[in-house]
Amino acid sequence: MKKIALKKRTKMSEKEKIEYLSKYIWYDKEYLIKNNPNKIIAYAMRYADINDYAVILSLKDRLKDVLNSAEAGWFDKKNWVFWHTFLKLDIKPFPTRNIK
């Protein structure tokens with residue numbers, strides 16, 4: 001993916017930002033862009049480097065929804081606590097899989 005200047009990245013539409021952040025997903029990108037963009041944002045919140053934090057933070061209105069809809073495997077515990085703390089949210093229980 002070619003480099004996009006920071007100013008241009010933060011002025012993209014929400015859909016363009018999600019497409020840009022899809023570089024942190026390595027499977028089913030097109031399906032997730034259309035059907036589960038919160039998963040793409042969650043993976044970016046977990047794996048992004050500092051250069052892409054401006055894009056993530058420009059989606060601030062959506063980040064709370066991403067945390068509320070998170071499924072097991074989307075976050076590690078460190079990032080789960082970080083994003084709840086950063087967004088000044090009560091830390092909810094960490095999503096886990098129920099294996100029977």
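**View 1. The covered residues of helix α4.** In α4, the residues Pro-37, Asn-38, Lys-39, Ile-40, Ile-41, Ala-42, Tyr-43, Ala-44 and Met-45 are buried, where buried means under 20% relative accessible area, exposed over 50% and partly exposed in between, with a 1.4 Å probe and protein chains only. This helix, which spans residues 37-47, is mostly covered, with 9 of its 11 residues buried. Helices (H or I, at least four residues) and strands (E, at least two) are DSSP runs, numbered from the N terminus. The model is predicted, and local features need pLDDT of at least 70, while side-chain atom pairs count only at pLDDT 80 or more and totals for chains, interfaces and linings use all residues. Residues are numbered from 1 along each chain as its sequence is written, and side-chain values use heavy atoms, with hydrogens and water left out. The buried residues of α4 pack against α2 (14-21), α3 (29-35), α5 (53-57), α6 and α7.

**View 2. The crossing of α4 and α6.** The axes of α4 and helix α6 (residues 60-68) come within 9 Å and cross at roughly 95°, which means that α4 is roughly perpendicular to α6. Here axes are lines fitted to C-alpha atoms, for helices over the stretch in contact, and angles run from 0 to 180 degrees between N-to-C directions; angles under 35 degrees count as roughly parallel, over 145 as roughly antiparallel, 65 to 115 as roughly perpendicular and the rest as oblique. On the α4 side, Pro-37, Asn-38, Ile-41, Ala-42 and Met-45 meet Arg-62, Leu-63, Asp-65, Val-66 and Leu-67 in α6, a contact being heavy atoms within 4.5 Å.

**View 3. Pro-37 and Arg-62.** Pro-37, in α4, is buried because its relative accessible area is 17%. Leaving aside residues up to four places away in sequence, Pro-37 touches Ile-18, Leu-32 and Arg-62. Arg-62 lies in helix α6 and counts as buried because its relative accessibility is 18%.

**View 4. Phe-86 and a nonpolar surface patch.** Phe-86 is found in helix α7 (residues 77-86) and counts as partly exposed because its relative accessibility is 38%. Together with Leu-57 and Phe-82, Phe-86 makes a nonpolar surface patch of about 240 Å². Patches are made of residues with over 30% relative accessible area and no salt bridge, with like charges joined within 9 Å and nonpolar side chains (Val, Leu, Ile, Met, Phe, Trp, Tyr) within 5 Å; a salt bridge is a side-chain nitrogen of Lys or Arg within 4 Å of a carboxyl oxygen of Asp or Glu.

Conventions: Accessible areas come from the Shrake-Rupley method with a 1.4 Å probe; for residues, only the protein chains shown count as cover.
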